[in-house]
Amino acid sequence: MKDSRWCAITSINCPVCFRHCRLAEGETGFCRARLNAGGRSVSASYGKITSAALDPVEKKPFVNFYPGSFILSVGTFGCNMDCLFCQNYEIAGAGAGEVPTRGISPAELAALAAELRERGSIGVAYTYNEPLIGWEFVRDSAAEVKKRGMKNAAVTNGSVTQEILRELLPYIDAYNIDLKGFTREYYRKLGGDLDTVKGFIKTAAAHAHVELTTLIVPGENDGADEMAALAAWVASVDRKIPLHITRFFPRRLMKDREATDTGLLRRLAEAAKKELETVVLGNI
């Protein structure tokens, strides 16, 4: 039986994301990928790959980052949000030992990326689940990739703290950040925090190539006024930031919804183009 005094002494607030989960010794946070080990927040997913594929960069999606090239995409497990429509929930909602993984070191991952150069690969994209809750593996791998003269990209919900983002800035060349909507209420519904994401976007855009993706969910974030406000805010950061407006398809706990009307997507894109230089439609 654990001594309650020991538990009190070693309890911590995880510093990685806006949740700041209070964790007793050995306890795992909301993301299911970080735990308190000896009074420190450590990654449970370090070097444990659940998914890997050589993808066109346009699939991440990027429109203005080495178009026409490929990138080695890798994911681990866990996420600090809870999107009702998540298409990768099998790994994003999983914890350690709940999904098959392949062990790989940062140096091995970078070597694999280098081998794929001959197939048009420019480097590594950290994606599929929320990669930045396992930021240590991203940082270490990205450093190894850079040693080989290749590029790093992160596809992220942008929901980690500025402290963690600063650890990654020297190594990540491009970010695609999910800006899921533009109201605090919608973000709360998805288990997120809009202000954290806005701060992440502003900092990332000052140091790297940034593109944004907004999935339009019918009846949730599909209002013209909301899109206008979102686009105006993005333009206040940099009107050259590309915005991908993508079509929702029924997934996970939203299988009862219809796919987003393509006419609506086009109208929202036209509204966004009043503020932004590059607006791209996706999933149509």
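1. Let's start with helix H8.

2. Before going on, a word about what you're looking at. This is a predicted model, so local features need pLDDT of at least 70 and side-chain atom pairs count only at pLDDT 80 or more, while totals for chains, interfaces and linings use all residues. Residues are numbered from 1 along each chain as its sequence is written, and side-chain values use heavy atoms, with hydrogens and water left out.

3. Back to H8: which residues of the helix are buried? They are Glu226, Met227, Leu230, Ala231, Trp233 and Val234. They sit on the same side of H8 because they cover an arc of only 160 degrees around the axis, where the arc is taken from the directions from the helix axis to the C-beta atoms.

4. Have a look at Asn221, in the loop between S12 and H8. Asn221 is buried, at 3% relative accessible area. Its side chain reaches the backbone oxygen of Lys180 at 2.8 Å and the backbone nitrogen of Val217 at 2.7 Å. Setting aside neighbours within four places in sequence, Asn221 is in contact (heavy atoms within 4.5 Å) with residues including Tyr186, Thr214 and Glu226.

5. Now the aromatic rings. Rings of Phe, Tyr and Trp (its six-membered ring) pair if their centres lie within 6.5 Å; planes under 30 degrees apart count as stacked, over 60 as edge-to-face and the rest as tilted. That rule gives five aromatic pairs. One of them joins Tyr175 and Phe200, with centres 5.7 Å apart and planes at 85 degrees, so the pair is edge-to-face. It links distant parts of the chain, as Tyr175 is in strand S11 (residues 174-178) and Phe200 is in helix H7, 25 residues apart. Tyr175 is buried at 0% relative accessibility, and Phe200 is buried at 0% as well.

6. Trp233 of H8 turns up again here. Phe182 and Trp233 make a tilted pair, 6.0 Å centre to centre with 40 degrees between the planes. Phe182 lies in the loop between S11 and helix H6 (184-189), and 51 residues separate it from Trp233. Both Phe182 and Trp233 are buried. Elsewhere, Phe62, Phe65 and Tyr66 form one aromatic cluster.

7. Finally, how many disulfides are there? The count is zero, taking a disulfide as a pair of cysteine sulfur atoms within 2.5 Å. For Cys14, the nearest cysteine sulfur is that of Cys21, 6.4 Å away. The sulfur of Cys21 has its closest cysteine sulfur in Cys17, at 6.0 Å, too far for a bond. Cys14 is buried at 8% relative accessible area, and Cys21 is buried at 18%.

Technical notes: Buried < 20%, exposed > 50% of the residue type's maximum accessible area, 1.4 Å probe, protein only. Helix = DSSP H or I, 4+ residues; strand = E, 2+ residues; numbered from the N terminus. Polar contact = N/O pair within 3.5 Å; in protein donor to acceptor, adjacent residues only side chain to side chain.
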